[in-house]
Amino acid sequence: MRHIKFATLLSILILSMLTSCREAPTNGDLDAQWQLTSITINSTGETIEPDGKYFCIYRELIQLSNGGGIITTGRLVVKDNIMSIDFPMITTPEEIGRLAPWGIDTNKPQFEIVSLNSRHMVLKSGYSTITLRSF
């Protein structure tokens with residue numbers, strides 16, 4: 001009888017450990033850490049290859065970093081292959097200018113997801129076309 005109680009208790013413990021509360025990514029391949037590899041300014045055709053610029057995307061959040069720290073955090077909504085971002089802490093023209101090294105010219109950009117897989121992504125807005133690789 002003791003062995004049955006022990007086995008039952010052990011089974012319950014193992015099952016409770018297997019069903020944790022961790023939330024899975026909701027955006028598929030989009031949820032990842034991305035390194036910015038190139039920015040093409042649509043109006044001029046100029047291509048820039050930035051160094052050390054990153055996008056970190058997970059669920060409804062996006063963070064821009066320069067490798068040394070997080071620059072800003074935004075809210076993310078993806079619907080019908082359009083990625084809409086809102087950077088609520090970026091409000092002044094000077095702060096919006098700080099987003100330019102990531103190919104962003106407004107605090108509420110919208111990007112069309114041109115291509116996306118687990119290794120590469122291309123985003124296009126009215127201002128720029130951004131190419132990224134996951135790492």
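D80 is exposed, at 70% relative accessible area (exposed means over 50%, buried under 20%, partly exposed in between, with a 1.4 Å probe and protein chains only). This is a predicted model, in which local features need pLDDT of at least 70, side-chain atom pairs count only at pLDDT 80 or more, and totals for chains, interfaces and linings use all residues. Residues are numbered from 1 along each chain as its sequence is written, and side-chain values use heavy atoms, with hydrogens and water left out.

**Loop between strands 5 and 6**
- D80 sits in the loop between strand 5 (70-79) and strand 6 (strands are DSSP runs of E, at least two residues, numbered from the N terminus).
- Phi of D80 is positive, about 50°, although D80 is not a glycine.
- N81 belongs to the loop between strand 5 and strand 6.
- N81 is partly exposed, at 43% relative accessibility.
- N81 is not a glycine, yet its phi is positive, near 65°.
- Most residues other than glycine have a negative phi.

**D86 in strand 6**
- D86 lies in strand 6 (residues 82-86).
- D86 is buried, with a relative accessible area of 17%.
- The side chains of D86 and R75 make a polar contact of 2.5 Å (N or O atoms within 3.5 Å; within protein, one must be able to donate a hydrogen and the other to accept it, and residues adjacent in sequence count only if both atoms are side-chain atoms).
- Beyond neighbours within four places in sequence, D86 contacts G74, R75, N107 and K108 (heavy atoms within 4.5 Å).

**Charge over a ring**
- K53 lies over the face of W102, 5.0 Å from the ring centre (NZ of Lys or CZ of Arg within 6 Å of the ring centre and within 35 degrees of the ring normal).

Note on methods:
Helices (H or I, at least four residues) and strands (E, at least two) are DSSP runs, numbered from the N terminus.
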